[in-house]
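This report covers strand pairing, a surface patch and a loop residue. The sequence and structure come before the details.

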Amino acid sequence: MMQSSGALFALGLFAALWLLAGLWAVGRGIAMQRRSAFAAGQAERLASLVEASPQLPVIVKADWRIEASERLGRWLGLEHGPRNFDELRGLGGGLDPDGHDALRQAILGAQRGAKPFVLSLRPQGSGRTVVIHGAAAPQAVGGPGGVLLWLSDATDGQLALALARGERDEAMAAFEALSGLIEAAPFPMWFRDTDLRLALVNGAYVRAVEAASPAAVIDGGIELCEPVAGLSAAEAADQARTAGSAQIRTIPVTIEGERRIMRVVDVPLVPEGGRMIGIAGYAIDIQELESERGAHRRFVDTQRELLDRLSAAVAQFGPDQGLSFANLPFRRLFALEAEDVTEATPFARLLDAWREGGRTPEVRDYPEWRQAHVDWFARAEAGEEDWLLRDGTHLHIVAQPTPDGGLLLIAEDRTEQVQLAGARDTLLRVRTATFDNLFEAIAVFAPDGRLHLWNQRFRRLWGIDEPTLAAHPRVDALMGGLADRLVKPNQISIVQEVIRAATLERQQRGGEIGFADGRHFDFASIPLPDGNALLIMLDISASRKMEDALRDRNEALVAADQVKTAFLSRMSYELRTPLTSIGGFGEMLQAGYAGKLGDQQQAYIDAIMDSVAVLGRQIDNVLDLAQGEAGTLAIERAPVDVRTLLEGALADAKVLAKAEKIELVGNLADDLGSIEGDAPRLSRLVAGLLDNAVRYTVPTRRTGGRVLLHAAGDARGVDIIVSDNGPGMPEAVAAVTKGEQAGTSSGGIGLALARQLVAAHGGTMEVVSEQGQGTLVRISLPRGA
């Protein structure tokens with residue numbers, strides 16, 4: 001029983017152990033199943049993670065078999081995933097032979113020496129770039145001799161990398177160019193760090209401060225700008241940092257030992273969205289600019305001073321369309337006040353003021369006109385127009401836009417010019433009407449020989465149509481076709497030569513031509529002050545006929561005068577012969593050859609002898625007159641005592657004066673002297689004048705007749721005056737003045753002969769006679785011939 005109990009206990013214990021073992025086995029199986037499921041899930045997650053990874057793992061076995069997902073084929077452009085290494089090279093895709101060999105050599109290196117590698121390959125027919133990282137695979141993964149490859153698609157990365165590299169290269173090039181530009185800049189430039197110490201300077205800075213090198217400047221902290229008004233260069237940079245914007249100063253700076261005016265700029269450098277990295281600065285030499293600005297200011301002042309002296313009205317408007325300057329004529333013309341210039345009155349407002357003052361033209365739509373003129377500021381070229389004001393003023397307006405956006409306005413008062421132009425037009429019309437109505441044919445030729453002006457008489461004279469003249473032909477072409485109008489066609493060249501002499505040689509010439517129709521013309525070409533030549537043609541046909549008639553008459557008169565002279569000469573000699581016989585017999589009777597005569601007989605003989613003497617003198621006068629008119633009067637010259645000659649003439653005339661009851665008075669100077677002349681003819685000359693004066697002076701009860709002989713002399717000659725208070729003889733005056741012969745009733749023969757004798761002696765004779773007042777004859781005879 002006890003054995004049974006022990007056996008049962010042992011059996012129960014065994015069963016219990018068996019049950020525990022079963023339970024443990026079941027628990028262990030469940031645990032292993034769970035671990036397997038976890039491992040499978042984990043493997044699946046890892047596989048999904050690897051599949052989703054941007055990198056593709058590839059295992060290359062020692063026998064060159066490949067373990068990889070299907071993505072490898074897609075990446076390499078193959079139809080399916082490769083199973084061995086050789087399948088990586090395909091015809092339409094995969095690696096090219098060079099890339100395939102390069103990958104093989106890299107894998108061999110990794111197999112033999114466990115050497116990792118990186119390759120960048122581009123599969124055929126694909127735009128991808130595949131980067132391969134390779135190394136020896138763990139024993140558990142690839143087995144002995146296996147190589148693990150990690151492939152990544154670096155297409156986008158390579159593009160980004162290439163772009164980044166390009167941007168980096170461009171930035172480096174730009175930085176180098178900027179650095180070179182800064183270094184080559186002709187003006188000093190510098191950079192301060194955040195502590196406002198100099199960190200970078202260019203060569204111009206080094207030269208400006210006369211330092212040895214940029215390092216010496218930076219190490220020594222040599223500042224270009226000296227403190228001005230207690231403000232140092234670093235403090236000015238600090239102000240720019242505080243303000244956060246560029247700060248500009250114009251200060252004097254010593255550059256290479258010379259004091260210059262510089263414009264210094266400090267610029268805080270703050271990248272976008274970042275903090276300030278420093279202060280950049282530069283200094284520009286504006287010494288010349290300031291000098292030019294001063295010179296420009298002086299030029300502007302001088303220019304405005306000059307504009308004030310101009311007659312044209314000039315105004316300047318700035319870019320803001322405000323009036324900046326107006327010269328004195330402009331202010332007067334548009335009634336501007338000084339405030340309009342100082343306050344820079346806008347152009348549009350000035351137009352309104354001018355319109356109210358009547359200084360703009362009357363227009364239908366003033367707002368549109370006003371806007372159009374305000375738009376002058378935006379024009380690219382100058383504008384011109386004329387304004388007619390209400391008071392009749394004519395203004396010529398020129399609007400010139402200036403490069404700075406302003407406007408230069410010039411106004412010229414052309415009222416007088418318009419009036420002069422109207423007067424000129426009137427004068428031209430008057431001149432044209434005058435030309436066309438002149439009796440002469442007129443044409444004006446220019447210096448180049450072209451016809452410039454003509455009148456209708458010129459056109460009708462030559463028979464030329466108006467279109468031909470309107471073409472302004474040259475003188476040779478015009479006159480060449482008119483030669484057939486002349487009696488002698490070759491005379492047309494004379495007309496051309498006369499015109500040429502007036503236009504080119506500036507000489508006045510003339511001539512005469514005859515037309516084939518019998519007309520004759522005098523022509524002359526006159527140089528005009530403007531360089532042209534005036535051709536005048538005057539019809540002398542009627543005067544030519546009259547001249548021919550007068551010539552024929554003159555020839556007949558000359559012939560008749562010759563006959564008269566010959567008759568007078570012959571008759572003088574014919575009369576002298578019997579007169580000589582009468583005188584001879586009279587003298588014989590006076591001498592008593594016929595016996596003693598009684599008193600009555602003696603009186604008769606004396607009267608006969610007086611008449612013979614008078615008749616002899618008259619015959620001599622007639623003969624001398626005839627010879628004088630014929631030009632054959634001979635004068636014998638010898639010294640003549642003038643006083644003796646005149647006293648003899650007075651003595652001879654006293655007998656006739658006493659018989660006529662005329663008072664004869666002689667007033668002879670003591671210094672008469674002598675002259676060279678013909679004494680008999682001069683004696684007969686004075687005797688004839690006294691005889692005429694006595695004979696034609698009639699005494700009256702109220703006043704007696706009086707004849708005066710007056711003579712005076714000087715070194716040059718002698719003046720002899722015979723005057724009377726008779727009735728006068730105007731006919732004789734006219735006859736003597738004209739050199740003609742007067743009738744004997746007025747003493748014309750004596751005066752005419754006296755004129756000839758005086759002229760033959762080189763003297764002059766003057767006769768003054770008034771009706772009822774008397775006659776005065778003045779004879780001036782020179783001392784010598």
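Patches are made of residues with over 30% relative accessible area and no salt bridge, where like charges are joined within 9 Å and nonpolar side chains (Val, Leu, Ile, Met, Phe, Trp, Tyr) within 5 Å. A salt bridge is a side-chain nitrogen of Lys or Arg within 4 Å of a carboxyl oxygen of Asp or Glu. Areas come from the Shrake-Rupley method with a 1.4 Å probe, and for residues only the protein chains shown count as cover.

This is a predicted model in which local features need pLDDT of at least 70 and side-chain atom pairs count only at pLDDT 80 or more, while totals for chains, interfaces and linings use all residues. Residues are numbered from 1 along each chain as its sequence is written, and side-chain values use heavy atoms, with hydrogens and water left out.

Leu17, Leu20 and Leu23 make a nonpolar surface patch of about 300 Å². Leu17 belongs to helix H1 (residues 2-52); helices (H or I, at least four residues) and strands (E, at least two) are DSSP runs, numbered from the N terminus. With a relative accessible area of 47%, Leu17 is partly exposed, a class between buried (under 20%) and exposed (over 50%), using a 1.4 Å probe and protein chains only.

Thr345 sits in the loop between helix H11 (338-342) and helix H12 (347-356). Its relative accessibility is 5%, so Thr345 counts as buried. Beyond the neighbours within four places in sequence, Thr345 has contacts (heavy atoms within 4.5 Å) with Gln321, Gly322, Leu323, Glu339, Asp340 and Leu350.

Two strands pair if DSSP finds at least two bridges between them.

| Strands | Bridges | Facing residues |
|---|---|---|
| S11 (residues 313-317) and S15 (residues 407-413) | 5 bridges | Phe317 and Leu407 |
| S8 (residues 247-255) and S9 (residues 258-269) | 9 bridges | Gln247 and Asp266 |
| S9 and S10 (residues 278-285) | 8 bridges | Leu269 and Gly278 |

S8 and S9 form a hairpin with 2 residues between them. In its turn, Glu256 has a positive phi of about 50 degrees.
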